[in-house]
Amino acid sequence: MSVRSEQPQEDEAVEVPSCDPAVLFEFIWGALVDLLGSAATATLIRRSLKRAAARIPGLAGISISRERFEYRYVLSSEWKDNATGALDGLRELGRELHVLLIELTGPVVLHRLRGVPDLERCRVFPPENEP
């Protein structure tokens, strides 16, 4: 299992040689924390996970919790190992997150997330013209 605090450490280099769901999730988490704060990020991702888990049961293995003043997430081993179907799970999470972000923030936050090259290259979020 992969355990992560709300932001990567300063000395950590994050590379995406392929569409690794664990690394892509880290990009989403970090960008949302920068824009909205850790509490809002945790709430939005929890809600998106809950909605998407109805269609992709493997998403239920991802948890978000608060320890004192810090939010943490734990990714399932399938995401850490980049198992078959893990990227589809991340895309389903992205689809649900897309809906919530449009409702709550308009296109602003999604535009910022689409500015992360690896998220766009790996098609984590639905196309802009999709509702």
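A disulfide is a pair of cysteine sulfur atoms within 2.5 Å of each other, and the structure holds one disulfide. This is a predicted model, in which local features need pLDDT of at least 70 and side-chain atom pairs count only at pLDDT 80 or more, while totals for chains, interfaces and linings use all residues. Residues are numbered from 1 along each chain as its sequence is written, and side-chain values use heavy atoms, with hydrogens and water left out.

**View 1. The elements of the whole protein.** The protein has six helices and three strands, where helices (H or I, at least four residues) and strands (E, at least two) are DSSP runs numbered from the N terminus. Read from the N terminus on, these elements follow the order β-α-α-β-β-α-α-α-α. Of the 131 residues in the protein, 46% are buried, buried being under 20% relative accessible area, exposed over 50% and partly exposed in between, with a 1.4 Å probe and protein chains only.

**View 2. The disulfide of Cys19 and Cys122.** Cys19 is joined to Cys122 with an S to S distance of 2.0 Å, and the link is left-handed, with -90° about the S-S bond. The pair links distant parts of the chain, 103 residues apart, since Cys19 lies in the loop between strand S1 (2-4) and H1, whereas Cys122 lies in the segment after H6. Both Cys19 and Cys122 are buried.

**View 3. The two faces of helix H5.** In helix H5 (residues 107-114), the buried residues are Val109, Leu110, Leu113 and Arg114. Seen down the axis of H5, they fall within an arc of 140°, so they line one face of the helix; the arc is that of the directions from the helix axis to the C-beta atoms. An α-helix has 3.6 residues a turn, so residues three or four places apart point the same way. The face of H5 turned away from this buried side carries the exposed residues Pro107, Val108 and His111. The buried residues of H5 pack against helix H1 (21-36), helix H4 (86-105) and helix H6 (117-121), a contact meaning heavy atoms within 4.5 Å.

**View 4. Helix H4 and the residue after it.** At 1.5 Å a residue, the 20 residues of H4 should span 28 Å, and its end C-alpha atoms are 27 Å apart, which agrees; the expected span is 1.5 Å times one less than the number of residues. Just after H4 comes Gly106, which takes a positive phi of about 70°.
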